[in-house]
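Q: Could you take me through one part of this structure up close? I'd like to look at a pocket and what surrounds it.

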Number of protein chains: 2
Amino acid sequence: MNPTIKDVANYANVSIATVSRILNSTSAGYSEKTRELVMEAIEQLGYKPNAVARGLKNTRTQTIGVLFPDISGMVSSELLHGIEKVTHNLGHSVIVCNTASQGKKTLDYLKLLSEKRVEGILFASEEIKDEYYEAIKGMNIPAVLVSTKSHKHPLPYVKVDDRDAAYTATSYLIEKGHKNIGMISGIKQDPIAGSPRIEGFQAAMRDQLGNDSPVVVSAQGFSYEHGVEMFEKLIKAAPHTTAIFAASDEMAIGAMASAYHMNIKVPDDISVVGYDNLKISEMAIPPLTTLSQPLREMGEKATELLFEALTDKNSTQSSIIMPHQMIERESVKAMA
Amino acid sequence: MNPTIKDVANYANVSIATVSRILNSTSAGYSEKTRELVMEAIEQLGYKPNAVARGLKNTRTQTIGVLFPDISGMVSSELLHGIEKVTHNLGHSVIVCNTASQGKKTLDYLKLLSEKRVEGILFASEEIKDEYYEAIKGMNIPAVLVSTKSHKHPLPYVKVDDRDAAYTATSYLIEKGHKNIGMISGIKQDPIAGSPRIEGFQAAMRDQLGNDSPVVVSAQGFSYEHGVEMFEKLIKAAPHTTAIFAASDEMAIGAMASAYHMNIKVPDDISVVGYDNLKISEMAIPPLTTLSQPLREMGEKATELLFEALTDKNSTQSSIIMPHQMIERESVKAMA
DNA sequence: TTGAAAGCGATACCAC
DNA sequence: GTGGTATCGCTTTCAA
C-alpha cells in the first residue's frame, strides 16, 4: 500500500542502506548527487518512513502517554495544552488517557501504554496508588507527576505548594481586613487538593488572627455544584462570615451563584476568593479574585522534565515547585 | 530489557509460534495444558506483547489521530471526552494534535500521523483546506469530521445543522414575544459557525417577523472578549434591542458581563440566548438559556463512524446530523 | 497439537 | 560512497 524504503531504493537504483542514510542525514555516507536522486524518488513515490518499523528497530516510539482523571475538566485541558505543545516541539506525540479516577481503568491504560512502548508517562492531578506505582516501575521508563505528588513513592513532580498557596490566599483576605473567614473545601481527605489547602488556611488563621478553629466545610468534590451546596452550609453554620476561600474556582463560582440566589451581594456582603485561575474566573460576575496556578506552564515544565530524563539517562530528576500568585479581580472587598 | 515472546517460549519450553497462538487465542491450536504452562511463563516474566512489533507485522497500530484547532477550548474538551471514550472501549488509543488553526502545523501533524501509521483520522471544528484533504487522501485511511463539514470534499461528518439550530434559537426568542432581536456573530466568513448561523437567524427573522435586515454584529472570533466587545457595539447600533442571539456560549456570557457593567439587566432589560450548552452556561448568572449541541455524543458518534469504516471496508460512510435542542434557563424573559 | 521459517520496514554494522 | 545482511518482536503459512 504505502511505498517502502525498498520502493524508493529501486526507483532510485540504489540500496536501501543508502536511502536510510539519506533519510537520517547520517554520517554523510553518500554523494550529493545520489542524495538528489533519492530525494526525487521519495518525492515521486510520496514515500513516508514507517515510524512503526523504526520504533521496532530502535525501541524509540517517539510517543508519551498522559493520564488524566477527567480529560474534559478545565484543569486537565490547560495541562494538556502545555504538555502537547512541548511534546510536539520535541518531535513526539501524546496519547491521552482518561482514567475517570478508576483504579481498574488506570491500570488498564498503564498496561496499554506499556504495550505500545511509550517512552514516558505523565500522570496528572491524582494520587498515585501503590498499584499504579508498581505498574509504572515495571515499565522501566521515566514518569513525572503534574499537579500532584506522592509522599510514598519517589516520582518527580511539578506542582505548586498547595499549603503555601492556600496560606497566601487566606493571608490576602486577612490583609483586606477580614476576620470571619470561612473555607469551602473539596474532598478533605484528598492529599493534594484537600488537606494541604485546609492546613494552609488554618495556619494563616492561627498565625495571623490567633483563630485556632476557623470554620471549614468540605464537599465530596470540587465542582460548581459542590460550591453552591457548601455555600449554603457555610452560611448556615457561620452567618457572620465576611469572606470565603474556596478550594477551586468552580466551587467559588458555585458559591457566588448561591450567594446571588440568597440575595447576598459579592463582594459587598461577602468576599470570595477562588483557586486555580481558570478562564471562567475572568468570566464570572463579578470577576473572581483567585489564587493562580500556572497550569499550562506546569504542563510544559513537567514535559520538559520528562524529556530530560529521557535524554539524559542519569539526570537529577528533581521536582519543581511552581510559583503561585494572587490575581486580584473584583470579588473581594476590603473591610472598613 | 522487556521480555519478548522468545523469552516466554524458552521459559515454557515451547516454540514462539505456540506462544503467539495462545496470545491471540487463535484457532485453538494448542492443548489446555500448554496454555497453562505458557500463561504461567507470561505471568512469571511479566511479559507484555510489543504492540510496535505487532503493528509492523499486521499494519494495524490500534491508534487513531485527532486534530483540534484549540485543544484546551471547552468545545474541544467535550468532543475529546466522547472520542477518547469509545476509542478506548474499542481497544484503541488516541493521539491528540493541537493545530492552533495553523495550516503548517496541521500539515505537519498529518504527516506525523501518517508516519505513525494511525488507522484513522478525526478532524474537529475546523474547515478542511484543500491541502489537508489531499494529505488525508494520500494516507489512504478513513477520516471523519466532527463539528465541521466540507462542501467541497467528500468526507463524512458528524455535526448539528447550524442553520437549523440558529433558526430554532431565534424562533425561541420570537415565540417569547421579542421583535427587536440582534445577533452577535463570530467570524462571519466561517463556513460552519459563521455564515450558517447568521443565515438561520436571518431566515427566522424574515419568515416569522417579516424583517429582512435584522441587525447582526460580527467579531473576529467566538470568545468571551469578543462577546463583551460586540455587545457594546450592538447596543450602540440598535438601542432598542430586547433580545440577543449569540453564536457561542462564551460570547453570550461576555455579552451578559458587558450588560452587567452597563447596568443593563439580563433578562429584565434584555434577553440573551447562547449556543453550545457548555458547562459554563449553567454557571453563569443568570444561568444561560442556550441552544445545545450534544458535543460529547458527537465525539462518540464520529468515532463510531470512523471505526465502522475501519472494520467494514465498504461501509456507507454516511454523515450524521445530530439533534439540537433549546435548553431553557433564566436568561430569557417573555415580552409583556 | 506443535515447530520452522518467511517477512513486516526500517537501522547499522561490515565489507568492498 | 555504496551495498549486503542481520536484526528488532511478532504473526502466519506450511509441514510434520
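**The second largest pocket**

A: Let's start with the helices (DSSP runs of H or I, at least four residues, numbered from the N terminus): α2 (16-23) and α4 (51-58) of chain A, plus α4 (51-58), α7 (130-139) and α13 (295-311) of chain B, each put at least two residues into the lining of the second largest pocket. This is a predicted model, with local features needing pLDDT of at least 70 and side-chain atom pairs pLDDT 80 or more, while totals for chains, interfaces and linings use all residues. Residues are numbered from 1 along each chain as written, chains are lettered from A in the order written, and side-chain values use heavy atoms, without hydrogens or water.

A pocket here is an open set of points on a 1 Å grid over the protein atoms alone, where a 1.4 Å probe fits and protein lies on both sides within 12 Å along at least five of seven lines; lining residues have an atom within 4 Å of a point. This one's volume, the space filled by probe spheres set on the points, is about 1,200 Å³. Its lining has 44 residues, and A:Met1, A:Asn2, B:Thr59, B:Arg117 and B:Met139 sit closest to the centre. α4(A) is the top contributor, giving 5 residues. Sorted by class, there are 23 nonpolar, 13 polar and 8 charged residues.

Now for the two chains themselves: 53 residues of chain B contact 53 of chain A, counting heavy atoms within 4.5 Å. B:Arg117, along with B:Met283 and B:Ile285, supplies 14% of the area chain B buries against chain A, more than any other three residues. Buried area is accessible area (1.4 Å probe) lost on putting two parts together, summed over both, and here the chains bury about 5,100 Å² between them.

Methods:
Ala, Val, Leu, Ile, Met, Phe, Trp, Tyr, Cys and Pro count as nonpolar, Asp, Glu, Lys and Arg as charged, and the others, Gly among them, as polar.
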